Amino acid sequence: QVQLVESGGGLVQPGGSLRLSCAASGSGFSINSMGWYRQAPGKQRELVAGITRGGSTDYADSVKGRFTISRDNAKNTVYLQMNSLKPEDTAVYYCNAQAIRYRDYITYDYWGQGTQVTVSS
């Protein structure tokens, strides 16, 4: 089993910045890709940014140039630096990790509990 613990959400004014963190813990697994998703009220959950173990990244068009995803493999932690925040970035942000179990090499999908990001003046 893998647990994901998120931190860093909160209330920020438009144009401000926030940094989200997500730490993965658990034994018997190798953490592969990690990413951040978000879900605004009345909308579907969407991918914000993803990063492979090797460091390749992918971003939603709406956040390119403003958000940066990074990770520390030694700590099994992924970060999301969010700059120039807009009211439309308001959502619950969820951490996601794909973990490969050593025992049988099956890949499992894990989610964090979510952290609220509110961008408002």
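Where does Gly-112 lie? Gly-112 sits in the loop between strand S10 (107-111) and strand S11 (115-119). Bear in mind that this is a predicted model.

- Gly-112 counts as buried, because its relative accessibility is 10% and the cut-off for buried is under 20%.
- Leave aside the neighbours within four places in sequence, and Gly-112 is in contact with Leu-4, Glu-6, Tyr-94 and Cys-95.
- Ala-24 is 88 residues away from Gly-112 along the chain, yet 9.0 Å is what separates their C-alpha atoms.
- Gly-28 is the other glycine to look up, and you'll find it in the loop between strand S3 (18-25) and strand S4 (29-39).
- With 35% relative accessibility, Gly-28 counts as partly exposed.
- Not counting residues up to four places away in sequence, Gly-28 touches Ile-100, Arg-101 and Tyr-102.
- For Gly-28 and Arg-101, the C-alpha atoms are separated by 5.9 Å, although the two residues are 73 apart along the chain.

**The four-stranded sheet**
- Here four strands make an open sheet, in the order S1-S3-S8-S7, with antiparallel pairing.
- At the edges are strand S1 (3-7) and strand S7 (67-72), each of which pairs on one side only.
- On average, neighbouring strands of this sheet are turned by 15° against each other, with direction ignored.
- Between S7 and strand S8 (residues 77-82) there are six bridges, and these two strands run antiparallel.

- As background, nonpolar side chains tend to be buried together in soluble globular proteins.
- In this model, the largest nonpolar core has 32 residues, and the ones touching the most other members are Trp-36, Leu-80, Met-82 and Tyr-93.
- Two or more residues of this core come from each of S3, S4, strand S5 (46-51), S7, S8, strand S9 (91-101) and S11.
- S9 supplies the largest share of the core, at five residues.

**The largest pocket**
- The volume of the largest pocket is about 160 Å³.
- Its lining is made up of 15 residues, and those nearest the centre are Ser-33, Met-34, Tyr-37, Gly-50 and Asn-96.
- The elements giving two or more residues to this lining are S4, S5, strand S6 (57-59), S9 and S10.
- S4 gives the most to the lining, with four residues.

- Ser-84, in the loop between S8 and S9, has a phi near 50°, which is a positive value in a residue other than glycine.
- Ser-84 is partly exposed, at a relative accessible area of 41%.
- Tyr-105 is also not a glycine, and its phi is positive too, near 60°.
- Look for Tyr-105 in the loop between S9 and S10.
- Tyr-105 counts as exposed, because its relative accessibility is 66% and exposed means over 50%.

How values were computed. Residues are numbered from 1 along each chain as its sequence is written. This is a predicted model: local features need pLDDT of at least 70, side-chain atom pairs count only at pLDDT 80 or more; totals for chains, interfaces and linings use all residues. Side-chain values use heavy atoms; hydrogens and water are left out. Buried means under 20% relative accessible area, exposed over 50%, partly exposed in between (1.4 Å probe, protein chains only). Contact means heavy atoms within 4.5 Å. Two strands pair if DSSP finds at least two bridges between them. Axes are lines fitted to C-alpha atoms, for helices over the stretch in contact, and angles run from 0 to 180 degrees between N-to-C directions. A nonpolar core is a set of buried Ala, Val, Leu, Ile, Met, Phe, Trp, Tyr and Cys residues joined through side-chain atoms within 4.5 Å. On a 1 Å grid over the protein atoms alone, a cavity is a set of points where a 1.4 Å probe fits but cannot get out, and a pocket is an open set with protein on both sides within 12 Å along at least five of seven lines; lining residues have an atom within 4 Å of a point. Grid points are joined across faces, edges and corners, and a volume is the space filled by probe spheres set on the points.
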